[in-house]
Amino acid sequence: MPTPPRPSPAAKKPSPKKPSPKKGAPKKGASVKKPVLFGLVVVLAAGLLGFVSYRATAPDGSASGTPAAATEPDPDVHRELAGLARRDAGDEQALGRADAPVVLIEYADFQCGYCGKFARDTEPELIERYVDDGTLRIEWRNFPIFGDASEAAARASWAAGRQGRFWAFHRAAYAEDAKAKGFGKDRLRTLARQAGVKDLDRFTRDAGSTAATEAVGVDRQEAYRIGATSTPSFLVNGRPLAGAQPTAVFTQAIEAAAAEEANVGSAGDQAK
């Protein structure tokens, strides 16, 4: 599961007085390892300060004996995270019924190889099995973390959505060889053409607009607020999943969420 590269620290200038180390800061010379856990996540939603731990394993599940399914923090946190589902019937970056019992939110970058793996290997099956029968809604969030090309691709996907071609652009941008060809200006127009975007001049204007930058920024800040630091990251009715997990991990999470929603509905009917 990729994480954005970190810049090398600048060389420190000698100081006549050595300041006291801050509490919790790493000691000099200590190595910084890539975390296996997303870590403790601060969730700011509806006035609730909650914590949730994301556990990221390799896409083939080899990093751990168990899949990177959601941990079980305070149920209130899950409910707050589930509230991030926008359920906007006019959202071009969403698939499925606005009132579907299960919503999968994906935070992804078009330059992320594991995001492409999910898009090609897993998502089509989830659409066929769960979106088409009304169980699942998929909501995309642009989470560009790999620099200018990622940012440009994110804005381009939004622009394609303005003409109803977001998901066609999504498929083109995640095709097996797409990443190697890059996401320069001309290449993005080519992808838009492949996606069936009719007005390419409007596409270019929209992709370079302030509105595109703001829309991508809203998605990205949402990802940061819930503590996502790598792509792809997912929420299934508020329960986190990390990485391009095997399809079985997603089907298990979706079916569990659907069963939970059915039980909640049944309890309400009985109460009446």
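Two strands count as paired if DSSP finds at least two bridges between them; strands (E, at least two residues) and helices (H or I, at least four) are DSSP runs numbered from the N terminus. The legends describe a predicted model, in which local features need pLDDT of at least 70 and side-chain atom pairs count only at pLDDT 80 or more, while totals for chains, interfaces and linings use all residues. Residues are numbered from 1 along each chain as its sequence is written, and side-chain values use heavy atoms, with hydrogens and water left out.

**Figure 1. Overview of the protein chain.** The protein chain has 8 helices and 7 strands. Of its 272 residues, 44% are buried (under 20% relative accessible area with a 1.4 Å probe, protein chains only; exposed is over 50%, partly exposed in between). Among contacts (heavy atoms within 4.5 Å) between residues at least 6 apart in sequence, 74% join residues at least 24 apart.

Figure 2. Five strands form an open sheet with mixed pairing, in the order β3-β5-β4-β6-β7. Strands β3 and β7 stand at the edges with a single partner strand each, so one side of each has no neighbour in the sheet. Helix α7 (residues 210–225) packs on this sheet and touches β4 and β5. The direction of α7 makes about 105° with that of β5 (axes are lines fitted to C-alpha atoms, for helices over the stretch in contact, with angles from 0 to 180 degrees between N-to-C directions).

**Figure 3. Strand β6 and its two partners.** Strands of a sheet pair through backbone hydrogen bonds, either parallel or antiparallel. Strand β6 (residues 233–236) runs antiparallel to β7 (residues 239–242), and 4 bridges join the two. Opposite S233 stands A242 of β7, and opposite F234 stands L241 of β7. The hairpin of β6 and β7 has 2 residues between the strands, and N237 takes a positive phi near 50° there. Strand β4 (residues 102–108) is also antiparallel to β6, again joined by 4 bridges; the bridge partner of I105 in β6 is L235. S233 and L235 point one way from β6, F234 and V236 point the other way, and all are buried.

**Figure 4. The F234–F250 ring pair.** A search of the whole structure finds 11 aromatic pairs (rings of Phe, Tyr and Trp, the last by its six-membered ring, with centres within 6.5 Å; planes under 30 degrees apart are stacked, over 60 edge-to-face and the rest tilted). The ring centres of F234 and F250 lie 4.9 Å apart and the planes stand at 80°, so the pair is edge-to-face. F234 belongs to strand β6 and F250 to helix α8 (residues 247–271), so the pair ties together parts that are 16 residues apart in sequence. Both F234 and F250 are buried.

Figure 5. Helix α4 (residues 166–173) is mostly covered, with 7 of its 8 residues buried. These buried residues are F166, W167, A168, F169, H170, A172 and A173. They pack against β3 (94–95), α2 (113–131), β5 (136–142), α3 (148–161), α5 (185–194) and α6 (200–207). A cluster linked by ring pairs consists of F110, W140, F166, W167, F169, Y174 and F203.

**Figure 6. The buried side of helix α1.** In helix α1 (residues 75–82), the residues V77, H78 and L81 are buried. They cover an arc of only 100° around the axis, which puts them on the same side of α1; the arc is that of the directions from the helix axis to the C-beta atoms.

**Figure 7. A89 in the loop between α1 and β3.** A89 lies in the loop between α1 and β3 and is exposed, with a relative accessible area of 73%. Leaving aside neighbours within four places in sequence, A89 is in contact with A98 and R137. The C-alpha to C-alpha distance between A89 and D99, which are 10 residues apart in sequence, is 8.8 Å.

**Figure 8. C112 and C115.** C112 counts as buried at 2% relative accessibility. C115 is also buried, with a relative accessible area of 0%. The structure holds 0 disulfides (pairs of cysteine sulfur atoms within 2.5 Å).
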